[in-house]
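Good morning, everyone. Please have the sequence and the model open while I talk.

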Amino acid sequence: MRIVVAGGRTQADFLIGNLVKKKHKIVVINDDQAYCDYLSSTHKIPVFCGDPSKRFVLEEAGIQDFDVIIALTYKDADNLAICQYAKRCFGVKKVICIVANPKNADLFKELGVNTVISSTHMVAEYITQATSVENLIKSMNLENDKVTITEVYVESNYSCVGQTLMNIDLPTNSIIGCIIRKSSDMIVPNGNTEIKAGDKLLVISSPENLKKVIGAITK
Amino acid sequence: MKLERKERVIIVGCGRLGRRLATMLSDKGYQVIVIDNDETAFSKLPETFGGFTIKADGIDVDTLKYADIDEASMLVACTGNDNLNSLIAQIASRIFAVPNVYVRFEDTDKELLIKGFNIHGIYPFKLTMGVFEDTIFGENEEEEDL
């Protein structure tokens, strides 16, 4: 894919490294000359120096019809301008940005940004989960908290050990989507799959049902 | 302009333009709310100013809700930052459907961000160029698109 990374410091550096490894074609725009020099020499990719929220800078970078733009500046309003220029003037297919103010996450989606990432929101969610649910359980929310994926480690004293999936009473809007078992890579289970002690279950559910799901598995 | 008196006007940015506009509309009897992130900016409002002021660190959707934006008939975004002005104007027009939204842009390219929406752009650069063209070529010459 052809991807533009606009603005940002450490996040940009890390992200660019990952994307280059995956063989994507990357163009970088950054407003700090010294950081531009660093990025271009580290990653061997084209870097344009300038304010990415200016139309002529995006034009010079030649981003017409790119697949994705990721706006990582520290100013939310700048990120919105970058995404809107990319979409409206340069036909970029998917526009993604981060926001510092979590209140802007839903707002920016309404204003046309495809994906808005609020690290404040994610960290807050993660801390809330870490403090409310048992500490062995990892969980991740998707689609603005509509869906949650939870990893549950099956201890030998759980009642579900030895049961087939169809005999476990899960609440509505929840499913055990995947079992990770040491002896095999992963299992996409069906109703007849039996749960064993030591399994890791990946459960997909609504966040409201999370506690009930964990209750049904761990009781 | 079809504003009725006593209607609510929100002005974001209490610089020279925001201040003069706020004073003028308040004198004419509109209910004016001025928002700025710098409290000292309000001290330059004249003593006769009869409107409200809101100091907001980061101006966001909650600031505008606090100013009762859903009852406003007009909003003017005239902070010193084009991208922030664009964001505020789009919140007002596209989210809260404020009927009269004005936005000031130093960079004329920002017009592309509000094109197609019910938002009026004000461009000091274009206005200045207009004065030069009028002075140099006279008012009867054909106007060139900038």
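Predicted model: local features only at pLDDT ≥ 70, side-chain atom pairs only at ≥ 80, totals over all residues.

Let's start with chain A. How is chain A divided? There are two domains. Domain 1 covers residues 2-118. Domain 2 covers residues 133-218. Now look at their centres, taken over C-alpha atoms. Those of domain 1 and domain 2 of chain A are 37 Å apart.

Next, some strands in chain A. Find strand 1, residues 2-6, and strand 4, residues 68-71. These two pair in the parallel sense, with four bridges between them.

Which residue of strand 5 stands opposite A:Ala71? That is A:Cys97. Strand 5 itself spans residues 94-99. Strands 4 and 5 of chain A pair in the parallel sense, again over four bridges.

How does the chain get from strand 4 to strand 5? The path goes through helix 4 of chain A. That makes a β-α-β crossover, and the crossover is right-handed.

Remember helix 4. We meet that helix again at the contact with chain B. Here, 19 residues of chain A touch 17 residues of chain B. Which elements of chain A give two or more residues to this side? They are helix 3 (55-60), helix 4 (76-90) and helix 5 (104-110). Helix 4 gives the most, with eight residues. And what sort of residues make up chain A's side? Eight are nonpolar, four are polar and seven are charged.

Now over to chain B. How many helices and strands does chain B have? Five helices and six strands. Trace them from the N terminus, and the order reads β-α-β-β-α-β-α-β-α-β-α.

Along the principal axes, the C-alpha atoms of chain B fill a box of roughly 45 × 35 × 30 Å.

Of its 146 residues, 34% count as buried. Then take the contacts with a separation of 6 or more. Of those, 48% join residues 24 or more positions apart.

That's my tour. Thank you.

Notes: Residues numbered from 1 in each chain as written. Chains lettered and ligands numbered in written order. Domains from an automatic or database assignment. Contact = placed C-beta atoms within 7 Å. Nonpolar A, V, L, I, M, F, W, Y, C, P; charged D, E, K, R; others polar. Pairing = 2+ DSSP bridges. Right-handed = clockwise from strand over helix to strand, strands pointing away. Buried ≥ 20, exposed ≤ 12 C-beta atoms within 10 Å, placed from the backbone.
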